[in-house]
Amino acid sequence: MERCSSCSKVNEIYETGTIELQVINQIIDSIVNVISKSNVVFDSGLAYVRFQYSSIEELTTILARIDIMFNEETKVKMNCRILPSQPSPEVVSAVTSFSELKERMNNRQYVKIINDQLFTSFIQPIVTLDRLDVYGYEFLLRPEKNQADFLPGDLFAFSKRAGLQSLLDSQARISSIEKSARHLKRGIKRFINFLPSSIYDPNHCLKSTFAAVEKYDVEPTDLVFEVVETEQIMNMTHLKNIFDVYKKHGMKVALDDLGAGYATLEVLKQLQPNYAKVDRSIIDRCDQDVGKQKMIIDIVKIAMEYNIILLAEGIERSEEADFCKSVGIPLAQGYFFAPPGPLPLEELKLTRL
């Protein structure tokens with residue numbers, strides 16, 4: 001199956017090898033003068049400065065010198081790649097920016113976590129407020145047991161700085177689909193996060209996701225793909241195109257953090273997702289706050305008008321669940337019901353609301 005380089009496993013930073021810089025002619029002499037063992041190659045009108053290194057420490061020193069030597073405008077135009085000491089036809093050395101290479105160098109453990117998929121998914125139940133049945137689960141990235149530890153937010157922030165966001169986002173989706181196939185029965189919804197900015201062309205970039213759905217024999221209608229809370233909704237047309245492609249393949253889509261940040265009521269009207277999650281900042285102590293109650297009631301009215309299923313997220317108190325149920329929100333999620341865990345709940349042991 002064809003995959004673009006941004007969603008493919010990246011080559012490692014070798015202990016010994018060659019670093020190649022594609023540079024503008026004006027700075028060739030400057031680089032050659034301060035870095036030993038370098039040579040210049042011209043190919044198809046482009047200039048490449050290549051120099052060998054014999055250890056990670058030497059490569060780190062070389063990159064530090066370049067970092068100090070040139071301003072940000074010059075470094076933005078400087079593409080790089082790492083070549084192994086013994087070239088192999090199986091190894092494809094992808095080109096990356098100088099800043100991305102430096103980020104990968106400084107956080108090699110994160111590169112390994114992403115490359116080797118040293119993560120799993122914890123799942124948090126989503127319940128129906130009228131019967132307290134498990135309606136579905138949200139899949140949340142977590143470290144694999146007995147492997148490298150990390151904070152999910154830090155790993156995703158690194159992946160963005162290092163040019164690995166598309167790779168991590170795709171891997172996380174596929175991992176969630178695979179785990180859902182092993183642990184959940186048909187009919188249970190699986191809420192899986194995605195980053196719109198990692199999907200430049202939904203018809204192409206989502207091929208691996210759709211292939212995983214087929215491979216693991218997951219019912220497409222059981223899948224709900226939701227925009228993650230950290231993602232700014234900057235390009236409405238692009239996000240709508242992604243939603244449309246998911247829907248075309250029989251899957252559902254969700255808007256996260258409704259009522260906070262970029263996820264406004266106007267955005268809800270424009271995107272018309274199948275589901276929308278009311279942000280936890282609005283749900284928090286909503287039973288005591290008249291302003292929050294009015295906001296939630298307005299959201300419920302619009303959701304009913306556009307046939308959107310609402311979910312109250314971040315519920316930690318029975319009073320919050322009571323209020324959400326009373327105004328017509330059908331689904332809820334939060335530590336009041338259960339925290340994220342490695343396996344589905346055997347039984348939701350709660351007093352009926």
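How many residues does helix α13 have, and how far does the helix reach from its first C-alpha to its last? Helix α13 spans residues 290-305, has 16 residues and reaches 23 Å, close to the 22 Å expected at 1.5 Å a residue. That expected span is 1.5 Å times one less than the number of residues.

Before we go on, a word about what you are looking at. This is a predicted model, in which local features need pLDDT of at least 70 and side-chain atom pairs count only at pLDDT 80 or more, while totals for chains, interfaces and linings use all residues. Residues are numbered from 1 along each chain as its sequence is written, and side-chain values use heavy atoms, with hydrogens and water left out.

Let us take in the whole protein. Of the 353 residues, 48% are buried. Here buried means under 20% relative accessible area, exposed over 50% and partly exposed in between, with a 1.4 Å probe and protein chains only. Contacts mean heavy atoms within 4.5 Å, and among those with a separation of 6 or more, 68% join residues 24 or more positions apart.

Now step inside. The largest nonpolar core holds 56 residues, and Phe194, Tyr246, Ile296, Leu310 and Ile329 touch the most other members. Apart from this core lies another, of 23 residues, among them Ala47, Leu59, Met78 and Phe98. A nonpolar core is a set of buried Ala, Val, Leu, Ile, Met, Phe, Trp, Tyr and Cys residues joined through side-chain atoms within 4.5 Å.

Phe194 lies in strand β8, residues 189-194, and is buried, with a relative accessible area of 0%. Leaving aside neighbours within four places in sequence, its contacts include Asp169, Phe225, Val227, Leu239 and Tyr246. Ala172 is 22 residues away along the chain, and the C-alpha atoms of Phe194 and Ala172 are separated by 8.6 Å.

In α13, Gln293, Ile296, Ile299, Val300, Ile302 and Ala303 are buried. An α-helix has 3.6 residues a turn, so residues three or four places apart point the same way. The buried residues of α13 pack against several elements, including β10 (252-258), α11 (265-271), β12 (309-313) and α14 (318-326). At the start of the helix, a side-chain oxygen of Asp289 reaches to within 2.9 Å of the backbone nitrogen of Gly291.

Most residues other than glycine have a negative phi. Arg285, in the loop between α12 and α13, has a positive phi near 55° and is partly exposed, with a relative accessible area of 39%. After α13 comes Asn307, with a positive phi near 60°. Elsewhere, Gln117 sits in the loop between α5 (108-115) and β6, and has a positive phi of about 50°.

What about the cysteines? A search of the whole structure finds zero disulfides, a disulfide being a pair of cysteine sulfur atoms within 2.5 Å. For Cys324, the nearest cysteine sulfur is that of Cys286, 4.4 Å away. Cys324 counts as buried at 0% relative accessibility, and Cys205 is buried too, with a relative accessible area of 5%.

Conventions:
Helix = DSSP H or I, 4+ residues; strand = E, 2+ residues; numbered from the N terminus. Polar contact = N/O pair within 3.5 Å; in protein donor to acceptor, adjacent residues only side chain to side chain.
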